Amino acid sequence: MATDSDAATGADEREAITVYSDYVCPFCYLGRRSLSNYQEAREEPLAIDWHPFDLRAGQRGPDGEIDHDADTGKDDEYYEQARENVRRLQEEYGADEMALELATDVDSLPAQVVSVRVRETAPDAWLAFDEAVFDALWLEGRDIGDRDVLADIAAEVDGLDAGVVDEALGDDDLRERVTEMFDAARRRGVTGVPTFAYDGHAARGAVPPEQLGRLVEGV
């Protein structure tokens, strides 16, 4: 599964695994926990080549706002099964501190737009910002679609200041490019997240560290 240079993370020349994700996906948070466990077990560092993905794409109107009344095809049984899977993986990956199981009312688009700007302008600070966004939502229950929340997160990351949020969210061209990144992911065949890709192969879902090892190491 190829990647585009315009979606690179600036992760220098280190070996990297491509990760398609959306901040509002609990399995993306849990998948990153699994990836972190795998990274810690490796002798060589493994960078993250992040690609944004929009789980809410089918609910967005022409103005980009989410229509919460739109039919998603997901019923109460679907969400209860999702909660059960989250609880199972929380225990498996040592993530019992999660404050939420689902975040169906949160729009991640502002966070993804800011994250792309950080990645492009301050790549050394991107991973810390990315992890802080995940933590703000899943550990603290904060609304990462809120401009002020994102500014607070950015202000706490070394190498960033809160101004990056207003700059990013006021940039219509950047928002269009992020939307194109969403579309590009689907053209590559990514239909759900998290999706981990390496050397033409992919694994979808919050797979365990051992499976990530097989993906990367080919064993």
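User: Which way does α1 pass α8, right-handed or left-handed?
Analyst: In this predicted model, α1 passes α8 in a right-handed crossing.

User: What's the angle, and how near do the axes come?
Analyst: The axes of α1 and α8 (residues 209-217) cross at roughly 65 degrees. They come within 8 Å.

User: Which residues meet there?
Analyst: From α1, Ser34, Leu35, Asn37 and Tyr38. From α8, Pro209, Leu212, Gly213, Val216 and Glu217.

User: How does that contact split by class?
Analyst: The contact of α1 with α8 has five nonpolar residues, three polar and one charged.

User: Staying on α1: where is Gly31, and is it buried or exposed?
Analyst: Gly31 sits in helix α1. It counts as buried because its relative accessibility is 0%, and the cut-off for buried is under 20%.

User: What does Gly31 touch?
Analyst: Phe196 and Ala206, leaving out residues up to four places away in sequence.

User: And how far is Gly31 from Leu89?
Analyst: C-alpha to C-alpha, Gly31 and Leu89 are 9.1 Å apart. Along the sequence they are 58 residues apart.

User: New topic. How many residues does α4 have, and what does it reach end to end?
Analyst: Helix α4 covers residues 123-138, which is 16 residues. From first C-alpha to last it reaches 23 Å. That is close to the 22 Å expected at 1.5 Å a residue.

User: Which α4 residues are buried?
Analyst: Ala125, Trp126, Phe129, Asp130, Val133, Phe134, Ala136, Leu137 and Trp138.

User: Where is Val157, and what does it touch?
Analyst: Val157 is in the loop between α5 and α6 (163-169). It touches Ala125, Ala128, Phe129 and Ala132, not counting residues up to four places away in sequence. Of these, Ala125 and Phe129 are among the buried residues of α4.

User: Is Val157 buried or exposed?
Analyst: Val157 is buried, because its relative accessible area is 7% and buried means under 20%.

User: How far is Val157 from Gly145?
Analyst: The two are 18 Å apart in space, C-alpha to C-alpha, and twelve residues apart in sequence.

User: What about Ala155: which helix, and how accessible?
Analyst: Ala155 lies in helix α5. Its relative accessible area is 45%, so Ala155 is partly exposed. Its C-alpha is separated by 9.7 Å from that of Phe129, 26 residues apart along the chain.

User: Backbone next. Which residues does the cis peptide bond join?
Analyst: Val193 and Pro194, with omega about 0 degrees. Pro194 is found in the loop between α7 (172-187) and β3 (195-198).

User: And what is phi for Asp199?
Analyst: Near 50 degrees, a positive value in a residue other than glycine. Most residues other than glycine have a negative phi, and most peptide bonds are trans.

User: Where is Asp199, and is it buried or exposed?
Analyst: Asp199 lies in the loop between β3 and β4 (201-204). It counts as exposed because its relative accessibility is 66%, and the cut-off for exposed is over 50%.

User: Last one. What's the average pLDDT?
Analyst: The protein averages 93, and 94% of the residues score at least 70. Over residues 1-11, though, the pLDDT is below 50.

User: How many contacts does that stretch have?
Analyst: Residues 1-11 have 32 contacts in the model, beyond near neighbours in sequence.

Note on methods:
Residues numbered from 1 in each chain as written. Predicted model: local features only at pLDDT ≥ 70, side-chain atom pairs only at ≥ 80, totals over all residues. Heavy atoms only, no water. Helix = DSSP H or I, 4+ residues; strand = E, 2+ residues; numbered from the N terminus. Expected span 1.5 Å × (residues − 1). Buried < 20%, exposed > 50% of the residue type's maximum accessible area, 1.4 Å probe, protein only. pLDDT = per-residue confidence, 0-100. Contact = heavy atoms within 4.5 Å. Axes fitted to C-alpha atoms, helices over the stretch in contact; angles between N-to-C directions. Left-handed = near helix turned anticlockwise from the far one by under 90°. Nonpolar A, V, L, I, M, F, W, Y, C, P; charged D, E, K, R; others polar.
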